[in-house]
Amino acid sequence: MDKALAVSLSFFLLMTLIPMGASANGDLPSSSSIRENGNSLFLLDPKTTHPDNYAKITGFELTIELLEPALLGGQLPISALMVARGDHPAEAFAFDYSGGIPKYVCTAREFVTFTDSDLGSLFFLNSRLVTLNDGTVTVKFEGEKALFTPNINVLTAYGVYGSFMVTNVNWILGDPEESYPDDESAYQPVETIRYNDIPTVENGSIHNYVDIEVPAIGQGPYPVVMWIHGGGWTGLSRKSVFVSDTMNYLVSKGYAVVYAEYSLSQDLGDGMIEGSFPQNIYDLKAAVRFIRANAEQYNLNTDYIVAMGESAGGHLSMLLGTTNGNPDYEDLSMGYAEYSSDVQVMVSYFGPKYTDGLFAYALLGSEHYEDKELYEAASPYVQLTEHAPPLFMTHGENDQLVGIEQSRMMEVKAKELLGDDQVTTLYFEDGPHASRSVFDAKEVMEAIESFITKHYSKYKPNVAISLKNIPYLHRNEDGIFEPDKPVTRAEQAAILATLLADQADYSGVPPYADVTPDHRAEEAIEKVSAYGLMGGGPDGTFGPEQTVTRAEMAELAVRLRATDSSPGDGFKDTVGHPSESAIKAAQGAGYINGYPEGNFRPDQKLKRAEAVVILNRVLGIEPIRGEFHSPWKDVSKDHWAARDIAAATVVNITNE
């Protein structure tokens, strides 16, 4: 019984919030900056005491009194006072409990939350652990930025768990150089279309359901993120979304999210657990086959499926990917046997990689947890081969439940088998297990989106590239080339389109939201998209006026003409860059050079002259030799790229 209890306490919190004493009474606020709005809701207005210099306030001290605590799960006390910038009603501090773990579904954006529970970091983005007793206590926030702007010049404090009285506020003045933005969102939410409670297996169990959410922007079909919930393989459900902001962010970037259910291990009592493996992986692979079979109905691009999960869900996301194509890990009798269950990327938030010990007890059950053959069959670390898809892992070094050494050993093996460019890790020195404030933050969501979008480019439409025998630079009437002007994506598409034979099928290329039929480069953009040379983001836009970077040109060079040359050594400033592998390949092929100091400057805007030189090398166009006349008024004969520019303007191109 002790071991089963340890597993339960270590891996999941299936709790219900029971608020206590929301109408309890206390002393009235004594500070003129405080206005009580009832039911633990307080407006903090600095202008009453600092009318002339409230814009210099960088922090505050609150004197608060806990009147009544709340109980989580009927037995665990938790009290929390949340502070948000702006004036908000109580209903703006809403929580959703449908997934088992309280999820903040707010319109009042959390600024800081003072709580007496270690669980605070699981529920809140910016929690501060404080001691709350029977008397009054002082809690403090102090930063470097100005708290207030002309548009946001008050704070709202609300007892989200428990009943509070705020009796005093002292404002902390500083000399801030900037203020917190009026809109603190890490992304711009978009409208979505949601399909709930979809069965994935005919006559299946309660664990064979998915919810599907697709953005109501762009045209689709949308690449897929399959979210796999945590809970120690024993609790919670697909409604439990630990990183809810990240999911919303990915949807705003044009990804569809499939929230998947799977079988859970069962507590049989008396210390006995019935394990859920391998049925849980059968369920998830059946879900993958289902969404591929029904992709058109839900507007999904199931050529690209990202398996993503936290804790136990992180483990299962990696097991999905490391067992791609392995028939031992799926039950085809569950339906859609003709469809693949492979996933194209694995993303794990602090998931176990080697499932022995207590992991095995929760996953395999009390009768089988010591079966080494079985727990290694369930271990992504053991199942990892060179055929596995790309892997992203994030983990906290202060994780007391799933030690970070699990991710470190997986990282070493994955980089050895898959290559450095296929593996990305993001570790946090003080990160605990399942902290929203750490893992549902802007840094993590942007890193994950960058990783999965980078690998998504491989799954966009592509056809064999055949080049026409025509020049690609045409002299305009004024004869001005502007060699140092940055290249836009529309300009790059126009140049490429002149080089490509008309053999691509355009029917599968959806229109871009920001490229209208009358756009000057509309046909060129459609053409290069059909060839898979350029494309838009998952949000359905192309960005025609965005400038091209040097890294993006390196990516294009190797996409336009693959090379068997050995990769180059890279550059000092490209180590760990998302385009590092393409830059090395382009360097090895002789397409690109760096700067004398050993840098490549991958994120620097690409100049027109640089683009011509690189493209000529890809196409095999030699610079003009001997005496020549520059066809462009603003490109002198002694310009470093003059001979290449002249060659691209006047010489036909031979398709090798």
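**Exercise 1.** Which residues of helix α13 (residues 489-499) are buried?

*Solution.* Start with the ground rules: this is a predicted model, in which local features need pLDDT of at least 70 and side-chain atom pairs count only at pLDDT 80 or more, while totals for chains, interfaces and linings use all residues. Residues are numbered from 1 along each chain as its sequence is written, and side-chain values use heavy atoms, with hydrogens and water left out.

Next come the terms. Helices (H or I, at least four residues) and strands (E, at least two) are DSSP runs, numbered from the N terminus. Buried means under 20% relative accessible area, exposed over 50%, and partly exposed in between (1.4 Å probe, protein chains only).

Now read along α13: Arg 489, Ala 490, Gln 492, Ala 493, Leu 496, Ala 497 and Leu 499 are its buried residues. An α-helix has 3.6 residues a turn, so residues three or four places apart point the same way.

**Exercise 2.** Against which helices do the buried residues of α13 pack?

*Solution.* The partners are α14 (522-530), α15 (550-560) and α17 (608-619).

**Exercise 3.** Describe the pair formed by Phe 95 and Tyr 161.

*Solution.* Rings of Phe, Tyr and Trp (its six-membered ring) pair if their centres lie within 6.5 Å; planes under 30 degrees apart count as stacked, over 60 as edge-to-face and the rest as tilted. The structure holds 30 aromatic pairs. In this one, the centres are 5.4 Å apart and the planes make an angle of 35°, making the pair tilted. Then place the partners: Phe 95 sits in strand β8 (residues 95-96) and Tyr 161 in strand β13 (residues 155-161), 66 residues apart, so the pair links distant parts of the chain. Finally, check accessibility: both Phe 95 and Tyr 161 are buried.

Methods:
Contact means heavy atoms within 4.5 Å.
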